[in-house]
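Hi everyone, thanks for making time.

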Amino acid sequence: SGVRRLAASKDDPQEASRVRRTLLIAHLVQGALGMVGIWLFRERISLLLFDDAGHGFEVGLMGFGVLFSLISVSQSAQLQGFLRIDELAQAGILAAVLATAVGLTAIWWLGSDGLALLVLAPIIIQVLVSIPYVARLPHAAVTMNLATFWAQWREMAGLGANFVIAGVLTAGGLLAAQSMIAGRIGLESAGYFQAAWMISTQ
């Protein structure tokens with residue numbers, strides 16, 4: 001829905017800037033709430049997923065992944081909305097190369113303690129790499145109040161609700177499957193399943 005709104009308003013710099021600001025604020029707020037929620041319930045989530053509350057700290061760190069994932073969604077929507085597909089691809093490739101290097105280094109240097117960094121590195125690096133590309137998009141100075149933000153967000157949320165529900169169901173199914181595999185067969189098998197899932201859904 002954010003991509004659609006940006007594409008429709010890209011010839012109006014002020015309206016496009018309002019949409020971009022709404023996207024960023026909305027995703028920041030949602031990401032922050034998700035991050036705090038995961039941190040507060042990290043031990044319960046760890047117990048649910050691994051039958052062990054001892055992984056609570058690592059689970060809590062995944063909250064940062066939620067925050068950066070939503071920021072990345074906002075950045076991707078902005079680039080797609082302005083039809084900057086080449087730049088979106090460039091950012092994705094560069095982020096993948098850097099994330100692979102960081103993740104492998106973390107595992108080599110820290111062993112199993114580097115798993116959290118291996119998981120978080122791709123999305124954090126994706127956000128950092130995308131910043132200069134997003135900064136080059138056309139923008140105009142605009143002022144926004146709460147009413148303007150709410151009107152923009154409500155329209156986009158209404159259009160995107162179905163996509164959100166579908167995404168939650170997909171992610172929930174993946175998480176449930178990984179949890180069952182890890183609990184019954186082991187984490188290594190869960191890793192193979194994750195790799196197969198990613199390859200088959202590309």
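Take the contacts in the chain between residues at least 6 apart in sequence: 68% of them join residues at least 24 apart. Contact here means heavy atoms within 4.5 Å. Please keep in mind that this is a predicted model, where local features need pLDDT of at least 70, side-chain atom pairs count only at pLDDT 80 or more, and totals for chains, interfaces and linings use all residues. Residues are numbered from 1 along each chain as its sequence is written, and side-chain values use heavy atoms, with hydrogens and water left out.

So what is in the chain? Eight helices and zero strands, where helices (H or I, at least four residues) and strands (E, at least two) are DSSP runs, numbered from the N terminus. Buried residues account for 34% of the 202 residues. Buried is under 20% relative accessible area, exposed is over 50%, and partly exposed is in between, with a 1.4 Å probe and protein chains only.

How far can we trust it? pLDDT is the predictor's confidence in each residue, from 0 to 100. Its mean over the chain is 77, with 83% of residues at 70 or more. Confidence is highest in helix α6 (residues 115-135), at 86, and lowest in helix α7 (residues 146-184), at a mean of 67. Where pLDDT is low, the predicted coordinates should not be read in detail.

Now for a pair of helices. The axes of α4 (residues 56-81) and α5 (residues 85-110) come within 8 Å and cross at roughly 150°. Those axes are lines fitted to C-alpha atoms, for helices over the stretch in contact, and angles run from 0 to 180 degrees between N-to-C directions. On the α4 side the contact uses Ser76, Leu79 and Gln80, and on the α5 side Ile85, Glu87 and Leu88.

Between these two helices sits a loop, and Leu83 is in it. What is the phi of Leu83? It is near 60°, a positive value in a residue other than glycine. Most residues other than glycine have a negative phi. Leu83 counts as exposed because its relative accessibility is 58%.

Staying around here, the side chains of Arg84 and Glu87 meet in a salt bridge at 3.7 Å, N to O. The rule asks for a side-chain nitrogen of Lys or Arg within 4 Å of a carboxyl oxygen of Asp or Glu, and the count comes to one. Arg84 is partly exposed at 25%, while Glu87 is buried at 17%.

Next, aromatics: there are two pairs. Rings of Phe, Tyr and Trp (its six-membered ring) pair if their centres lie within 6.5 Å; planes under 30 degrees apart are stacked, over 60 edge-to-face, and the rest tilted. Trp39 and Phe57 have ring centres 6.2 Å apart and planes at 80°, so they are edge-to-face. Trp39 belongs to helix α2 and Phe57 to helix α4, so this pair ties together parts 18 residues apart in sequence. Trp108 and Trp109 have centres 5.8 Å apart and planes at 50°, so that pair is tilted. Both Trp108 and Trp109 are exposed.

Last stop: is His27 buried or exposed? It is buried, because its relative accessibility is 12%. His27 lies in helix α2 (residues 13-40). Leaving out residues up to four places away in sequence, His27 touches Leu70, Val73 and Ser74.
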